[in-house]
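Dear colleague,

I am passing on the model we talked about, together with my notes on it.

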Amino acid sequence: MIEARHLRVLRAVAGTGSFSAAARELGCTQPAVSQQMKALEQSAGTPLLVRTGREMRLTQAGTALVRHAAGILAGLTAAEEEVAAIAGLRAGRVRLVSFPSGSSTLVPTALAAMRAEHPGTRISLVEAEPPRSVEMLREGDCDLALAFRYGSASPSAVGSAAEGEWEDLVVRPLLTDRLVGLVPEGHRLAGAERVSMAELADEPWIAGCPRCRRHLVEVCEEVGFTPRIDFATDDYPAVVGLVGAGLGVAVLPELAVESVRAKGVSTVAVEPAVEREVVALTLPDLARVPAVAATLAELERAATR
């Protein structure tokens, strides 16, 4: 195999006309130049230089290799510079996928900080709810995923499957997002300090994304009833709008409520407490990429503000 260091020696010998002059140019000894030229000729399988007294001239193979060496070494230098720029956060990209309430709360703060600190790093954003966002990460369609998973009012209901669903990923916990109840402003429970989920058993419900909807049913069934879901939408402003119009009640994560103007709606604490764990996920190899590591750090900082 022809090595770049051997090509550099060949170019120096061709340019200076001797091993001793090439050694001076390269800052090494003449025997080192001689050894590397022998190794290069062994790799090439043919003589590259003809030695006539004190003079040296290139063979046809040597001339061809010198001609190609210029482009090879220039390309290698450009690659080294580009990698160094990425490693030094002067360049690079991060493909981020986030669920909507994370996109409107945590992500803007983190990306603004990244732009200020590392303007050469490009970050793209698309939205997807878990588990689709986690699938995108595993399939190579993104570098970093903002995701969540629910706990349970009954710890035994969480199960080992939930604990192991991200075991192949780097999991960076960001925050615990508590769910709050939403009722119309004129509702009988509006203004209550705390509301039991059982008190909402006879209400029509507005449900969110499929994972949130499934968890809502599980929580309600744990306290003794199955919710009557009249409307279901992935759009948090639509959930708030439907509740504000008096069409039902809902529970939403605090991040979602924070990102929406809750007009005509009262928020109440619900019991039992329902929480979801918000995390940033990436693959082990990607976690060592400087731009990904920096974005993870900024997401952690954003979660503490």
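In which strand does Thr 282 lie? Before the answer, please keep in mind that this is a predicted model. Thr 282 belongs to strand S12, which covers residues 275-282, and with a relative accessibility of 0% it counts as buried. A polar atom of the Thr 282 side chain lies 2.6 Å from the backbone oxygen of Asp 143. Not counting residues up to four places away in sequence, Thr 282 touches Leu 137, Asp 143, Leu 144, Leu 169, Val 170, Ala 287, Val 292 and Leu 296.

The nonpolar cores come next. The largest of them has 56 residues, of which Leu 106, Leu 146, Leu 174, Met 197, Trp 205, Leu 252 and Val 278 touch the most other members. Helix H12, residues 290-303, gives the most to this core, contributing seven residues. Apart from this core lies another, made up of 16 residues that include Leu 10, Leu 40, Ala 69 and Leu 73. As for Leu 252, once its neighbours within four places in sequence are left aside, this residue is in contact with Arg 178, Leu 179, Val 180, Leu 182, Tyr 236, Val 239, Val 240 and Val 257.

Helix H6 spans residues 106-117, and Met 114 lies in it. The twelve residues of H6, taken at 1.5 Å a residue, should span 16 Å, and the end C-alpha atoms are 17 Å apart, which agrees. Its buried residues are Leu 106, Val 107, Ala 110, Ala 113 and Met 114, and because they cover an arc of only 135° around the axis, they sit on the same side of H6. Arg 115 and Ala 116, on the other side of H6, are exposed. Met 114 itself is buried, with a relative accessible area of 2%, and, leaving aside its neighbours within four places in sequence, it is in contact with Pro 119, Thr 121, Ile 123, Ala 291, Ala 294, Thr 295 and Glu 298. The C-alpha atoms of Met 114 and Ala 297 are separated by 9.6 Å, although these residues are 183 residues apart along the chain.

Buried in H9 are Arg 211, Cys 212, His 215, Leu 216, Val 219 and Cys 220; seen down the axis of H9, the buried residues fall within an arc of 165°, so they line one face of the helix. These buried residues pack against strand S5 (144-150), strand S8 (204-207), strand S9 (228-232), helix H10 (236-244) and strand S10 (250-253). Val 217 is also found in H9, but it is partly exposed, with a relative accessible area of 23%. Leaving aside its neighbours within four places in sequence, Val 217 is in contact with Pro 227 and Ile 229, and the C-alpha atoms of Val 217 and Ile 229, twelve residues apart in sequence, are 9.3 Å apart in space. Just after H9, Gly 224 takes a positive phi of about 110°.

Helix H2, residues 19-26, has Phe 19, Ala 21, Ala 22 and Ala 23 as its buried residues, and these pack against helix H1 (4-16), helix H3 (30-44), strand S1 (49-52) and strand S2 (55-58). Gly 27 follows H2, with a positive phi near 75°.

His 187 has its place in the loop between strand S6 (170-184) and strand S7 (194-196), yet it is buried, with a relative accessible area of 15%. Its side chain reaches the backbone nitrogen of Leu 189 at 3.0 Å, and, not counting residues up to four places away in sequence, His 187 touches Glu 203 and Val 249. As for the cysteines, the structure holds zero disulfides; Cys 28 is partly exposed, with a relative accessible area of 32%, whereas Cys 212 is buried, at 11%.

With best wishes

Methods: Residues are numbered from 1 along each chain as its sequence is written. This is a predicted model: local features need pLDDT of at least 70, side-chain atom pairs count only at pLDDT 80 or more; totals for chains, interfaces and linings use all residues. Side-chain values use heavy atoms; hydrogens and water are left out. A nonpolar core is a set of buried Ala, Val, Leu, Ile, Met, Phe, Trp, Tyr and Cys residues joined through side-chain atoms within 4.5 Å. Buried means under 20% relative accessible area, exposed over 50%, partly exposed in between (1.4 Å probe, protein chains only). Helices (H or I, at least four residues) and strands (E, at least two) are DSSP runs, numbered from the N terminus. Contact means heavy atoms within 4.5 Å. The arc is that of the directions from the helix axis to the C-beta atoms. A disulfide is a pair of cysteine sulfur atoms within 2.5 Å. A polar contact is a pair of N or O atoms within 3.5 Å; within protein, one must be able to donate a hydrogen and the other to accept it, and residues adjacent in sequence count only if both atoms are side-chain atoms. The expected span of a helix is 1.5 Å times one less than its number of residues.
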